[in-house]
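Student: Could we go through this model together and test each label against its definition?

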Amino acid sequence: MRTQMNGYDAVFEGILTGNAEQTKRECQKLLEENVEPEEILNNSLLPAMNRLDTMLTCGERFIPQILLSAKAMQSAVNLLGAAMMEKNQTPLTQGTVVLGTVQGDIHNIGKNLVDFLLQSVGFQVVDLGVNVNAEQFVEAVRKHRANIVALSAMLTSSMVSMRAVARRLQEEDFGYPIRIIVGGNPITASFARSIRACFAGNVVETMHLALEFARGEGEPLESTES
């Protein structure tokens, strides 16, 4: 006999295996059984994200598989968001993220995956593309009232640009606090701390940090620069 836990597990498994059809079908079944969308989010989607983070870190999953899982998760988010709207509940909207690869760097694969993952969990993403300078980031934050900025750099030489962008964002008075997440091949946790940003070791970790910030968790990091 099917139970709610069986349904949660089926959605969880659908996301892990990148099976969008299964994920959507099992979400729909749970909704038809009058399970609240938030319960599906808490019992299936969030645990799946945590598991994917662990699997990516341990090398049990790779970028193509993560992308399939992100697509499956997106199918669930779309369904749950529509269900919440029907009940006049707040939709799964986490906030706005401005995203881009910094000036001097044209790599975009990791950035594009971060974009997809963030959208899959309810963020509005403003993707500025590649080779983006500091003023473009500032302008986008102001225009879209974003509270999170995610910076990507895959070249050691572009770390200088990343530092300049972070400094410029911190100098600007937006009228509200913003959080900066940085990642990419040459980026380390110590470098992130030195520019008062938060380090993401992989694309799933970027998503987790953004979700923490959306919940008001975590404290801004102080610069270690002299």
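**Labels and their cut-offs**

Tutor: Let's start with Asn-34, which is located in the loop between H2 and helix H3 (37–57). Helices (H or I, at least four residues) and strands (E, at least two) are DSSP runs, numbered from the N terminus. This is a predicted model, in which local features need pLDDT of at least 70 and side-chain atom pairs count only at pLDDT 80 or more, while totals for chains, interfaces and linings use all residues. Residues are numbered from 1 along each chain as its sequence is written, and side-chain values use heavy atoms, with hydrogens and water left out.

Student: Why is Asn-34 called exposed?

Tutor: Buried means under 20% relative accessible area, exposed over 50%, and partly exposed in between (1.4 Å probe, protein chains only). Asn-34 has 65%, so it is exposed. Its phi is near 65°, a positive value in a residue other than glycine.

Student: What label does Arg-196 get, and why?

Tutor: Its relative accessible area is 38%, so Arg-196 is partly exposed. Arg-196 is in the loop between helix H8 (189–194) and strand E5 (198–199). Like Asn-34, it is a residue other than glycine with a positive phi, here near 60°.

Student: Is Gln-22 buried or exposed, and why?

Tutor: Its relative accessibility is 17%, so Gln-22 counts as buried. Gln-22 belongs to helix H2 (residues 20–32).

Student: What does the side chain of Gln-22 reach?

Tutor: The backbone oxygen of Ala-10, at 2.8 Å. A polar contact is a pair of N or O atoms within 3.5 Å; within protein, one must be able to donate a hydrogen and the other to accept it, and residues adjacent in sequence count only if both atoms are side-chain atoms. With neighbours within four places in sequence set aside, Gln-22 is in contact (heavy atoms within 4.5 Å) with Ala-10, Glu-13 and Gly-14.

Student: How do you know the label for Ala-76?

Tutor: Its relative accessibility is 0%, so Ala-76 counts as buried. Ala-76 is in helix H4 (residues 63–86). Ala-76 and Gln-22 are 54 residues apart in sequence, with 9.8 Å from C-alpha to C-alpha.

Student: What makes a set of residues a nonpolar core?

Tutor: It is a set of buried Ala, Val, Leu, Ile, Met, Phe, Trp, Tyr and Cys residues joined through side-chain atoms within 4.5 Å. The largest one has 45 residues, of which Ile-40, Leu-45 and Phe-123 touch the most other members. A second, separate core of 28 residues includes Val-102, Phe-137, Ile-187 and Ala-192.

Student: What makes a set of grid points a pocket?

Tutor: On a 1 Å grid over the protein atoms alone, a cavity is a set of points where a 1.4 Å probe fits but cannot get out, and a pocket is an open set with protein on both sides within 12 Å along at least five of seven lines; lining residues have an atom within 4 Å of a point. The largest pocket holds about 540 Å³, where grid points are joined across faces, edges and corners, and a volume is the space filled by probe spheres set on the points. Its lining has 26 residues, and Gly-110, Met-154, Gly-184, Asn-202 and Val-203 are the closest to its centre. H5 gives the largest share of the lining, 5 residues.
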